[in-house]
Structure formats: C-alpha cells, structure tokens
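Please keep the structure in view while reading.

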2 protein chains.
Amino acid sequence: MIVQSEDLNLLTDLYQLTMAAAYYEKEMFAPATFSLFIREYPKDRGYFVSSGLTDVLDFLENFHFDQDALNYLEKTEMFSSDFLQYLSNLHFTGDVFAMPEGRIFFKDEPVLEVTAPIIQAQLVETFIINAMSLPITIAGKAARSVAAAKGRKLIDFSLRRTQGVDAGMKVARSSYIAGFDGTSNVLAGKMFDIPTSGTMAHSYVTSFEEEIDAFRAFADVFPNNTVLLIDTFDTVNGAHKAVEVAKEMADRGEKIKGVRLDSGDMTQLSKEVRGIFKEADMEDVFIFASGGYDEYKINDAVENDAEIDGFGVGTKMGTSADAPYLDIAYKLVQYDHRPLLKLSSGKKTLVNQKQVFRNTDNGRPTGDVIALRDETLEGDPLLIRAMHDGSRQINPESVHEIRERFMEELENLDDAYKRLKDPDEYQVELSPGLQKLQKEVVQKVKEKELGES
Amino acid sequence: MIVQSEDLNLLTDLYQLTMAAAYYEKEMFAPATFSLFIREYPKDRGYFVSSGLTDVLDFLENFHFDQDALNYLEKTEMFSSDFLQYLSNLHFTGDVFAMPEGRIFFKDEPVLEVTAPIIQAQLVETFIINAMSLPITIAGKAARSVAAAKGRKLIDFSLRRTQGVDAGMKVARSSYIAGFDGTSNVLAGKMFDIPTSGTMAHSYVTSFEEEIDAFRAFADVFPNNTVLLIDTFDTVNGAHKAVEVAKEMADRGEKIKGVRLDSGDMTQLSKEVRGIFKEADMEDVFIFASGGYDEYKINDAVENDAEIDGFGVGTKMGTSADAPYLDIAYKLVQYDHRPLLKLSSGKKTLVNQKQVFRNTDNGRPTGDVIALRDETLEGDPLLIRAMHDGSRQINPESVHEIRERFMEELENLDDAYKRLKDPDEYQVELSPGLQKLQKEVVQKVKEKELGES
C-alpha cells in the first residue's frame, strides 16, 4: 500500500473533518491563524533546522477533495450532503509565512504560520505537522554527525531501516541539506539530484566461491568505483586480499578507490588496514566505515584518531533513534482577528500572528526576539511570505541551495549551541508588544473561562 | 514529494544495482535464498508480530524498471547498456516463504525467505526490509498497549507525528492488527476499512467566544457523536460545562457520548470528572484520555484505578519511541544450492533455506525449532509458500482476519513473555540437521578464507 498524491486529501485526523463540519454548519468562515512551533529541545539539541516547507507548499497548492474521497466520507454517514458539497469545491486560498528551508531556529519560535478561513487552516493541520516534523528531526540529527565528522565524508545509509518509504526519502533529503555528502537511496538521487553512493554487500562477497574472486569481479566491472567490503570473514585478512587486487588493478593502469569496514572495533581496525595499504605504497586508499554510526560514535572515532575517511550513517540517524519525535505543535493563535490561546497545563501558546527577528554580531547570531508580525524590530526577520491567497510566492529551491544556506548558518552559529552534549541555550525573548498582548489575553481568558479576576 | 507506486523500482540502495551489474557481467544467474530475521529483541520485548507481508507481495508482483528509471540509471554512467537492457525486461520470478501476518515469532527465526535468481533476490532487499521493519516494530509496540489497557478502548492518534506519510499508514494498520480499536487516520480508515475516531481539538474550543458555546455547537451538529474536549482552560471547570450541555441534550432526547482529557494528572482528573458526571446521574459517560500515553503510562493509569474508558495513543507508539528500529537483516543463506554465511563479528547468520516449527501444549506455545526447510519435525510449520515462480499463492487478507489471528496468538502466549518489563525469553532451538550443516559450513569457511583447520 503506497499513498499516492491524490490520496493526500484524506491523510488527516478525523477530528479535522468533524470540526470543519461544525464550523460549516455554524457558518464560521472567518480567517484563522495557526502557528507551528516546537515546545522543547530533544535531548542534547541546541537548535533546529527548518526543513519540509517544499512539501507543505506543494500540498497546499494541490489541496482538494476528489470524488473518491467524498464518496468515502459520504459512506461514513457522519457528514451532511451540504457539507460534502462544500468540501468538493474547497481549495486552499490562504497565506503562509514560513522560514526558508535550511534556516536555523530555536524553541518556541514559529517556523510556519498559516492564515486562511478556519476550515481550510484546520483541515491542513495533520499533513503540515507530519510533513515538517521528520525533516526537522532528521536535519537536526544529521547536522550533529556533520559537526562530529570534522570534514570527513558522510553518506546516508538508512533507507532499509527508516520508518517507511516516505521517511526514507525525507531522511535522504534532510541529511543532505544538513551537510551529508550523499545517500545510498537511488530514488532520492533521482528525485532530488543528490549524489548516490554504494558498491557491495556481504551477500555479494559470499555468493562467490572465494572472497578474492568477489573483489576481482567487482574491480573488473567497476574499475573506476572499486570500494571493497573487507569484513565478511575477517577484516585484516580481507585487507590483505584487497591489496592483492589493488596491485592487479595497478598493473592494468587502474586504481582502487577504497575499502569498507562494517563490523568489529573499526577505529582500531582502520589503523591496521591503513598500515597494510601503507606497506603496499597505497596510503591514499579511501577507508570507509559503516555499522551503528551516529554523532557519538563518529565523535569517538575522530577523537581516537581513527583512520576513517568517510562514514556510512544509517539506522540511528535515519530514525533519530535517541529522539525519534519532536514536541511540535500547530496551534490556533488568532480567529476572526481575535488573539487566542489555550491554558491546558504545561502547554501555553503565544498568541497572534508573529515574526521572529534575529540579531547578529558580525554575522554571528546573538539572540532572537519573537514579536507580533506587525512590529518592526531590529534584526533579520526570519519568516517570509511563502504563499499569498493560495499562490506560491517563492520559487522552488534545489536541495543544493538549501544545503548552502544551512552550511552558512551552521558556520555562523557559536559552538556553544552545537555541542554534542549539554549545549548552551540560545537566547530567545518576546518583544514588549507580544508580552503585553499575551498577558492581556491570558488575563481575559482566565476571567471569562475560570471566573478569576 | 510523495513516492508513487511506479517510483518504487528505484527505492533501493545503490549497491543493490552495482552488485546486480557485477552478477550480470559475470553471468551469475543461479538461484539465491535470502532470509529475513531479527537478531535481538528491543528493550523489554519478548516476542515479535509478523506484519508487512502484504506490501512485500504487492511489490514483488509489480517489480520492474520503467523507462523513467532506466533513463536515470543511464544518466549516472555507471552501468552498461547491456545491463540496462537486461533490467528493462526484469520481473520477479521467484518464491517467497513467509509467516502469515499476525503470527507471533521470536528472535533469529526467519519470518520471510526469498528464493530467486540472485539479481532479483538482491535487488528487492532494500524494499523488503523497509516494508517489514516498521510494521513489525509498531505491531509489537502496540500489542504492549493492548496488554496494558486490559480491555479498555485504544485508538491510534499518531498520524501527525509519525515519521512521514507512509509511516502514518503503516502505524494505523499495524496497531489495528495488534488489537487497537481504531485510528484517527481517515485515509487508513478508507484504505484498510479500519474504524475511525475523533471529534474536536483545542483550536475548535478556542475559536468560539466561550468554551460552552463550542460544546453546544458540536452537540448540535453531531448529536450522536458528542465527545467533548474539556481541558482547554481547566478540566474540572470544563467537566461542569460538559454536564450542563449533556443535560440540555438529555432534555432534547439526545445523549452525550463522552468527554476527553488531554493534559494534567489525568488519572486523578478522571476520578473527579467521573464524580461530577455521577452527581448528574450520568455515570456511564465515556471518559477518554490522550496525551503522552504508551504502554507504561496506560499501565500506571490502570493500576491506579483511573476512571478512563479509552486511550488515544499517539507519538510514543507511532514512532516506537523507546525502540524506534529493529536489528533486522536480510541475509544470503544459499547460492546455487550452496549453503552460505558471513562471519563478521557478532553478526552470524543461519545457513540455508529454513522452516520454523512451533510446539504447543493445549494450544499454548512451548518452544520453537528452527530447522532446514526439507526437515520434517513435530509441531506447526510457521512459514508458508506465499509466492511461487513470481505468482502469489495466498489470497489477500483483510486487516480484520489478520487481527483475529493475532488476538488468538496473543491469548495463547504465556504472560511471562508478554510482561511489560523483563519478559522471559521464549525457547528457540536449532534442529539437529541445521546445527550439523551450520557447523560444517562455518568450518569450511574458516578453512577456506582464514586458513584455519
């Protein structure tokens, strides 16, 4: 079962539709603003990376209920025919303010705000959260590997163990944006123009009578891309066989590209393998390692002077295993020009349409201010108008442009916020205007709903 | 970006294609058997649930490279035109042995084995692991909530925070198979015929001038499905307002269905809310709770006599947050009728085509034996022929059938293996035939590759 584009209209929580029906029957068509933000940093994270906006804009541009969807909703017998008729003509006609992909942002900051007639803005909630949540999660996780690798090459190897097909695509894209050099995922290579990488698995090696036969065959078929997997039986033993094949290649005027380690104490093994190739005057063979790597294990390898030139980073990055979800929310902050919030314990939201201003010193961020959207403050406003009256206002960007933006942002961010453990907390303040309005609304809600004064 | 069915042919790791090219150029077309199994239990898990086979069979039935895929591969300049020509005619012509969905299985047991010409069997690896991994993960996680809830109702609320779109669908399906009663995911309701559930969010409540107006409006539009979210401002306060609306409904001959709590100490609040409804002679109102629930938090609520009749289970189940991936592998165990394995440290595989036999006592599993496929042992053979020569051998099953199978299996499994923490380890042995062959092959490989004797 694969979700096709035309199915996405029903990729929503049922309550979005029941709420929409209630709004419709009560003739509530006024504009609403919903704000997408993250309430808490996951473990050891000190910043977030904006990612996923492209999918959101594509979805909003094509948002509609086709006959197939309407037939299903009719069959549930929950909705009036008037309402279903209304849905059949519904398109997204609203505005979106959002941070461009690849921008760094922080907790509580709106990364995207939707303003549209409340039925529309409500119905798109589930897809928007789903579309942004994993990309932000993965870009943040992958960026940590990039920091830990200190310039060594990183390839996304996660496709087989990502949480489904769509996750595999989002991981390839988001990890590339965050500074990875490529992916093993061929479809991601095709769809996003990301460099792909990969040569052989253990099955390949074992399918030959002898390990060295497998190496020879591969060198023969791919003389320009010979990376030999040498741990199928014993890594050191495998390295000696790889040298043998590398010499045969040299005799033919070809050059081995590298070897891959995939098990054991790879930091230690990499040094032995480097030694073995050094003895054969092939010091520059690329030593690639995979198997259980994440930012922590990469950091250990780098700190212990592993002779590893590149890492295949798989499952732990591809599922963000230490923090597989975000406390991300899409909250109604304004309806019919009235600023709103809920008071549910521990889940306060910031009212009204907002903007985030970033202050910098020589390009280095020093603190952000969350403000009302109509306030004008110093600093760089991070949210741009991405959609107006249902029309896209920004050109589609390639992953390469987004990646460049992020790499520059990351470069400019102080190391204190990028530490793998216990990063400093970046300063995010509320503008005086937002503070004042927030206080007024909280007070008013308490008086009205709780009888406090 | 949504992956469409026709894109799936390229949803693979690049090395599958480079290996395939090497096999092709070296004229290696003999049959290979790959075995899918899980090496370790995730934290606190004592069993696995087979899930995902339907997607695998659908994929294999439709496996082919279309022109668009071939054009991309050509553009990479990695592959010969002969090989691309060969790919253009490739379909899956192999056999699949697999456990039916909904069966319980254990570590090291093959849950699926593919036998096909090696190029085919290799090329489908990435998709197969991806298609089985999350469903097995989620079914196992969800089954733990089912055990903890002791008969209370469970609804999948995870769609917005699942790792992408495909994950949202797989979670809805797998949690339903594992005993959940429904999902909030409308598309899953449509595609799998799963009951859907949901009424209102906080945004709905705050969009009205007063909380009670929101309740009244909903009761008016959905008199048969009135579940009121009462924690937007204050849960106890909200409960009193819900009673007021429930009384108005009663006066009209209607009946409130329930209330939902979503924040705070919900075990304590549920008792207060029950008391408030009791005073109004509405003891049977359904109290539903959501917000951060997983098997542990459900267990706490149940142990502390929470007055909660149903739980919305979201993010932590939908990402299997405490164990977001499996140590799942698809390993070559036979090529050209030769039994195979790799020796890489800590990653030993069981050679050859296999079968799993389950012994039972009055229907209760007492121990499994992993055997060679051609051995005949006592007990129930778990792997069935799901595909032969590329044709499906089993009828597609509804999720309802699969759910029933699983519920019966779960009922029969001893509690010791189902404990939420530190479950017992179920006994899985190797047959004498498999032990003997395994030993022979290990010995032979060591002699040949490592020069040991």
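In chain A, A:Thr235, A:Val236, A:Ala239, A:His240 and A:Val243 of helix H11 are in contact with A:Leu269, A:Glu272, A:Val273, A:Ile276 and A:Phe277 of helix H12. Two residues are in contact here if their C-beta atoms, placed from the backbone, lie within 7 Å. Seven residues of this contact are nonpolar, two are polar and one is charged. In this classification Ala, Val, Leu, Ile, Met, Phe, Trp, Tyr, Cys and Pro count as nonpolar, Asp, Glu, Lys and Arg as charged, and the others, Gly among them, as polar.

The model is predicted; local features need pLDDT of at least 70, side-chain atom pairs count only at pLDDT 80 or more, and totals for chains, interfaces and linings use all residues. Residues are numbered from 1 along each chain as its sequence is written, while chains are lettered from A and ligands numbered from 1 in the order in which they are written. For chain A the mean pLDDT (the predictor's confidence in each residue, from 0 to 100) is 96, and 99% of its residues reach 70 or more. The model has an ipTM of 0.97 and a pTM of 0.97.

H11(A) spans residues 235–251 and H12(A) residues 266–279; their axes come within 10 Å and cross at roughly 25°. Helices (H or I, at least four residues) and strands (E, at least two) are DSSP runs, numbered from the N terminus. Axes are lines fitted to C-alpha atoms, for helices over the stretch in contact, and angles run from 0 to 180 degrees between N-to-C directions. H11(A) and H12(A) are therefore roughly parallel to each other; that term covers angles under 35 degrees, with over 145 roughly antiparallel, 65 to 115 roughly perpendicular and the rest oblique.

H6(B), residues 125–149, packs with H13(B), residues 295–303, at an angle of about 0°, the axes being 8 Å apart. H6(B) is thus roughly parallel to H13(B). B:Arg144, B:Ser145, B:Ala148 and B:Ala149 in H6(B) meet B:Glu295, B:Ile298, B:Asn299 and B:Val302 in H13(B). This contact has four nonpolar, two polar and two charged residues.

Next comes the contact between the chains. Chain A and chain B each supply 96 residues to the contact. On the side of chain A that touches chain B, helix H1 (residues 14–25) gives the most, with eight residues. That side has 44 nonpolar, 32 polar and 20 charged residues.

One helix pair spans the two chains: the axes of H1(A) and H10(B), residues 211–221, come within 10 Å and cross at roughly 95°. This makes H1(A) roughly perpendicular to H10(B). A:Ala21, A:Ala22 and A:Glu25 of H1(A) make the contact with B:Ala217, B:Phe218 and B:Val221 of H10(B).
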